[in-house]
Amino acid sequence: MTVELASIEGQRPDGQEREQDLSKSPLSIRGLTVTYGEKPAVFSVDMTVQPGQMTAIIGPNGAGKSTMLKAALGIVPPVSGRVQVFGRPLEEQRARIAYVPQRASVDWDFPTRVIDVVLMGLYRELGLLSRIRGEHKARAQECLERVGMADFAERQIGQLSGGQQQRVFLARALAQGADLYLLDEPFAGVDAATEKAIISVLKSLRAAGKTVVVVHHDLATVAEYFDNVFLINTRRVAEGPVAEAFTEATLQAAYGGRLATTQVSQLAHKA
Amino acid sequence: MLLDALLLQLGYNATLVAIGAALLGTAAGITGTFLFLRKRALVSDAVSHATLPGVCIAFLLMAALGGDGRNLAGLLLGSAVSAGAGLWCMNWLTRNTRLAEDAAIGAVLSVFFGFGVVLLTVIQTLGIGRQAGLEGFLLGSTAGMLYSDALVIALGGAATLFLVLLTRRPMTLVAFDPEYSAARGLPVSKIDMLMMGLVMAVTVVGLKIVGLILIVALLIIPPVTARFWTERSEHVVLLAGLFGGLAAYSGAAVSASAPNLPTGPIIVLMSFVFFALSLFFAPNRGVLAAFLRHMRFQRRVHLRQGLLALAQGQAIYEALTLRLLRRAGLVRADGVATERGRARAAKALRDERRWEVVRSDMAHEATAALYDGLRDIETVLTQDQIAEIDRRIGGPQEVPA
């Protein structure tokens, strides 16, 4: 595996080799551009996620991290770009993807209980009319246990702390039994206990051969938590294993003057 | 008289209206719930006002073709078409311009309604096709309701309910978390359209009874009322149907019990009665419950603070605290702790330490979430767990429980 530092001119590595690993990649994105109005949020981005590994998408605020993820899933319409999931078009592979949106994207005063939110993960199996049976409840309960929220099943979601809300969202994703997990800022504003719980669940997913992609904002934990990084600042800056792609040069390129030089070298050193 | 009306003893027309209204109220409450959960309640107001030009144009067309201009099915079809056009305009405005939805609602509502009123005036001056009664669509008019009208309402309501039953899961999912729904491949905009289509169906069906100006009340008030009583969306749906049906039925009965009482507005007032009762008396979310909860909470805070002050030998200055302690027999009139007061104070202090342990230990997270500085620890932990915590704290174990 090689690290590429994409140049600003948008030079692409030769297509041959990359087209081949497309078929294996759980998520491959080619030439993705998303604009808000006429201002590009994500511009001509390529990404190839490695199977069975944990990848962090990092970049400064407003760099298009979340937007890229949403566009890849068709939540936000892209202007251009091609997305393949496990080598096939996105629409055919929806069932294999579990998405964890940002916690703040929903109203937590919605009239529903914790267990009901997790049961939403079983939406496909439940279909339109069949009743929710004991086995469904048991599966949802098991997912709650995995995130350490078993005792909260009957609570109204508005009573949860931010970290607990985040874990309920993760439990809902687990209930889907997917192969590819995409999480948008799961560690933002959560307590230390939640961060530990989430990272251990993600590691257990990796151990089970699943692929995990996380939009991440905390540079200090990148080296500790992830195998790969994807640096973005509207354009792709770098992509590869942490040891190679998370360096002084790439961080400087992605964050520019926003990080002090000493910070950058410290972070890169950790990696 | 009212009792007769409620028991359907007031004659054929009143009975027809009451049953039709009950069906409509149920369908409107249930459909409106999804709109309410999606936080788009006001869209229904624009949809209902957009029906008026359609009603008028349909009347003109039917009269021009030599038919009966007041054929209900024809008028409803016309209203559905123009409501659909209004909805489309609103979607187009929010999607393709910088207008936010509330502005689009205002624009569509007023323009369509204004156009409708102009058409209505034109029809009245033309004096064709027995136009009298067309303005009944504004506020509803049940006086001349026919069996076939009631049948149209019943069938429309039933069809709407059936569709809601079929699509309740995707609609709930989209209402709660549209991004997640989209990521799972749900056609979010189609589901939104369906939601609006159902609202449109209810509106059109309800024109005859409550009229286009007030139908929004039937769609919104019942779910808001239901929300006071439950924390589960399925139950909000069911209760909203129940409240909507009851309000419409009783409103129709009340209006039939005396001459010249308008049906639609009375139905709306009846649903307001249910709303007001729920607002004040619902457990948990009601105003009264919140007030009592606050009072109770304040007392517990004072009692607890007083006990902790006693345990640490501090003076108590607050009159309420002293009064509460005295009333509970924990301090004497001169402010000195009684035997029982000292015991309770020691326990309060001990509990404080126990809670500290609970809150710092991940294994007790669910329990720790219940911490409010007031709760007795034995209500959330078993004696064994408490003993275990006490071992960790150390010190004298002989604290009277």
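Strand β10 (residues 228-233) of chain A runs antiparallel to β11(A), and 6 bridges join the two. The model that shows this pairing is a predicted one. Within the pair, Asn233(A) is placed opposite Arg235(A) of β11(A). The hairpin formed by β10(A) and β11(A) has 1 residue between its strands, and there Thr234(A) adopts a positive phi near 65 degrees. Strand β11 (residues 235-241) of chain A is largely enclosed by the rest of the structure, because 6 of its 7 residues are buried.

Val229(A) is in contact with Ala56(A), Ile58(A), Val222(A), Val242(A), Ala245(A) and Phe246(A), when residues up to four places away in sequence are not counted. The largest nonpolar core comprises 170 residues, and those touching the most other members are Ile57(A), Val118(A), Ala171(A), Val229(A) and Ala21(B). The element that gives the most to this core is helix α10 (residues 188-227) of chain B, with 24 residues. Another core, of 10 residues, lies apart from it and includes Leu303(B), Leu330(B), Ala345(B) and Ala348(B).

Strand β2 (residues 28-36) of chain A pairs with strand β5 (residues 80-85) of chain A over 4 bridges, in the antiparallel sense. Thr33(A) has Ser80(A) as its bridge partner in β5(A).

Val42(A) counts as buried because it has 29 C-beta neighbours inside 10 Å, where 20 or more are required. Beyond four places in sequence, its contacts are Leu32(A), Thr33(A), Val34(A), Gly64(A), Thr67(A), Met68(A), Ala71(A) and Thr234(A). By contrast, 34 Å separates the C-alpha atoms of Val42(A) and Gly158(A), which are 116 residues apart along the chain.

Most residues other than glycine have a negative phi. Phe86(A), although not a glycine, has a positive phi of about 50 degrees; Phe86(A) lies in the loop between β5 and β6 of chain A. With 19 C-beta neighbours inside 10 Å, Phe86(A) counts as partly exposed. Glu185(A) also has a positive phi, near 50 degrees, and is located in the loop between β8 (180-184) and α7 (192-207) of chain A. Glu185(A) is buried, with 22 other C-beta atoms within 10 Å.

The contact between the chains draws 25 residues from chain A and 22 residues from chain B. On the side of chain A that touches chain B, β7 (97-100) and α4 (123-126) of chain A each supply at least two residues. That side of chain A consists of 15 nonpolar, 5 polar and 5 charged residues.

The highest confidence is found in strand β9 (residues 211-215) of chain A, at a mean of 97, and the lowest in helix α1 (residues 15-22) of chain A, at 47. Over residues 6-20 of chain A, pLDDT stays under 50, and the model has 9 contacts beyond four places in sequence for this stretch.

Note on methods: Residues numbered from 1 in each chain as written. Chains lettered and ligands numbered in written order. Predicted model: local features only at pLDDT ≥ 70, side-chain atom pairs only at ≥ 80, totals over all residues. Contact = placed C-beta atoms within 7 Å. Nonpolar A, V, L, I, M, F, W, Y, C, P; charged D, E, K, R; others polar. Buried ≥ 20, exposed ≤ 12 C-beta atoms within 10 Å, placed from the backbone. Pairing = 2+ DSSP bridges. pLDDT = per-residue confidence, 0-100. Core = buried A, V, L, I, M, F, W, Y, C linked by C-beta atoms within 7 Å.
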